[in-house]
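Here is a short briefing on a protein model. Please keep the sequence and the structure open while you read.

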Amino acid sequence: MYYPEKKNIIVSDYLKTLASFIKDCQLESGAIISNADGSLDPWDHCESIMGLSIMNQFDSALKGFDWLKETQNEDGSWYAKYNVEGAIEFHKPTHFSSYIAVAVFHYFLITNDKDFLKSLWGFIEKAIDFTLKYQTDDGSIYWAVDDKNNIDKDSLITGSSSILKSLECGIAISKILNKKNNWYEAYLKLRECIRNSPSSFDKKKDRSNFSMDSYYPVLCGAIDDKGLINNAINKTLQDFYVDGIGIKCVNNEPWVTVAETSEFIIALTKNGKDGLAKKLFTEILNISDLDNVPYMGWQYKENIFWPDEKPSWTAAAVILAADGIYDLSKGSSLFKNNFLDFF
C-alpha cells in the first residue's frame, strides 16, 4: 500500500491558503462555486461561508450571505443546485434550507454582531418553517420536495442530523432576538426519532454503508450518552477508517474523502478525543495538490487523487476541523456545545 509523502505544513499558513482558495471560488454575486462544472448547492455554500468566517474573511462571508438572501425561494427553500445563471436542479432538500441557521449562528459566535442576526432573521425563520412543514408524526423530516411540492417520502439520517443542528442554532438565534416559535418541540421530536427510531429513516435505500450515517448523529448532538457516542465513534473507526489515510466515504470502496474525515475529526474533538483528531488531521494533509489545496479524496488501490476535483466546501471542512482541534476562532465551539440553553 502506498501512502502519499507527508508534508510539513504550518497550520496557520496552510489555512490561509485554503481561505484564499475559497475566495477565488466566489463569484461577484457572492455564490461560492463548489464543483469543477461551475455549480454549487446551498449546503456546501454555507460550509464555505463558515470556512471564510473562521479565517476572518468577513467581507467574503457577508457576500456569501447576500447570495443566500437573493436566491431564497418565496416558500423559504433553496433549490438543490445552481450555477452562474441560476437554479439548474429544482427539487428542494429540506436540510439545505435550514442549514443557513448554522452558518449565521457560527458567524455570530465569531463576531458577536447582533445587528447581523437581526438582518438575517426573516430568512432563517422562513427557511426553518419550510423544513418543518415536512416533519412527520414520528418526528422524522422528509428529505426533499420537487418544484411542484410533491414530497419524496423518505428521511435520511445525515440530512435529519443536519436539520437537528440547524434547529438548535435557529432556537439559539430566536432566544437572542427574543423571537417566539414552536421549534423546540420540533427539535425534541426529531432528536427522539434519530435516537430511537432507526426504521423511520432510509426506507428507500439502505445507506448504512456510508460513513456519515455512523458519525452524523454524534456530530450534530442527537446522541449525548457517552456509551452510545463511543460506540458510534468505534463503529466509524472499525468500518471506515484506513490507518494513515483517513475515513472512507463508503465502507466497500477504497476511497478516503477529505470532507468526511474532517467532519469525523470535529465529532472526535466534540467528545474529547483530541489526540486521535490530530492524527487524522495530519493524515488528510496528504490529500492535496502542490499548493496544499485538498482534493476531494484519495483512491488508495489505484494510488490516485479521485475525483480530480478540489471542492471549495472540502477546503472549508478542513478549516472547520482545524478550528475544532486548535480553537482558532470563537466559532470553534459550534459543534462542541449544544446551545439550546445558552441564551
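The side chains of serine 162 and tryptophan 43 make a polar contact at 3.0 Å. A polar contact is a pair of N or O atoms within 3.5 Å; within protein, one must be able to donate a hydrogen and the other to accept it, and residues adjacent in sequence count only if both atoms are side-chain atoms. This is a predicted model: local features need pLDDT of at least 70, side-chain atom pairs count only at pLDDT 80 or more, and totals for chains, interfaces and linings use all residues. Residues are numbered from 1 along each chain as its sequence is written, and side-chain values use heavy atoms, leaving out hydrogens and water.

**Serine 162**
- Serine 162 is found in helix H7; helices (H or I, at least four residues) and strands (E, at least two) are DSSP runs, numbered from the N terminus.
- Serine 162 is buried, with a relative accessible area of 3%. Buried means under 20% relative accessible area, with a 1.4 Å probe and protein chains only.
- Serine 162 touches Trp43, His95, Tyr99, Tyr216 and Cys220, leaving aside residues up to four places away in sequence. Contact means heavy atoms within 4.5 Å.

**Helix H10**
- H10 spans residues 226-240. Its 15 residues reach 21 Å from first C-alpha to last, close to the 21 Å expected at 1.5 Å a residue. The expected span is 1.5 Å times one less than the number of residues.
- Ile229, Ala232, Ile233, Thr236 and Phe240 are buried in H10. Seen down the axis, the buried residues fall within an arc of 95 degrees, so they line one face of H10. The arc is that of the directions from the helix axis to the C-beta atoms.
- Elements covering the buried residues of H10 include H9 (211-219), S6 (241-242), S7 (246-247) and H11 (258-270).
- At the start of H10, a side-chain oxygen of aspartate 225 comes to within 3.1 Å of the backbone nitrogen of glycine 227.

**Helix H12**
- In H12 (residues 274-284), Ala277, Leu280, Phe281, Glu283 and Ile284 are buried. They cover an arc of only 160 degrees around the axis, which puts them on the same side of H12.
- The cover over the buried residues of H12 includes H1 (11-24), S6, S7, H11 and H13.

**Alanine 316**
- Alanine 316 lies in helix H13. It is buried, with a relative accessible area of 0%.
- Alanine 316 touches Ile22, Glu47, Ser48 and Gly51, not counting residues up to four places away in sequence.

Definitions and conventions: Buried < 20%, exposed > 50% of the residue type's maximum accessible area, 1.4 Å probe, protein only.
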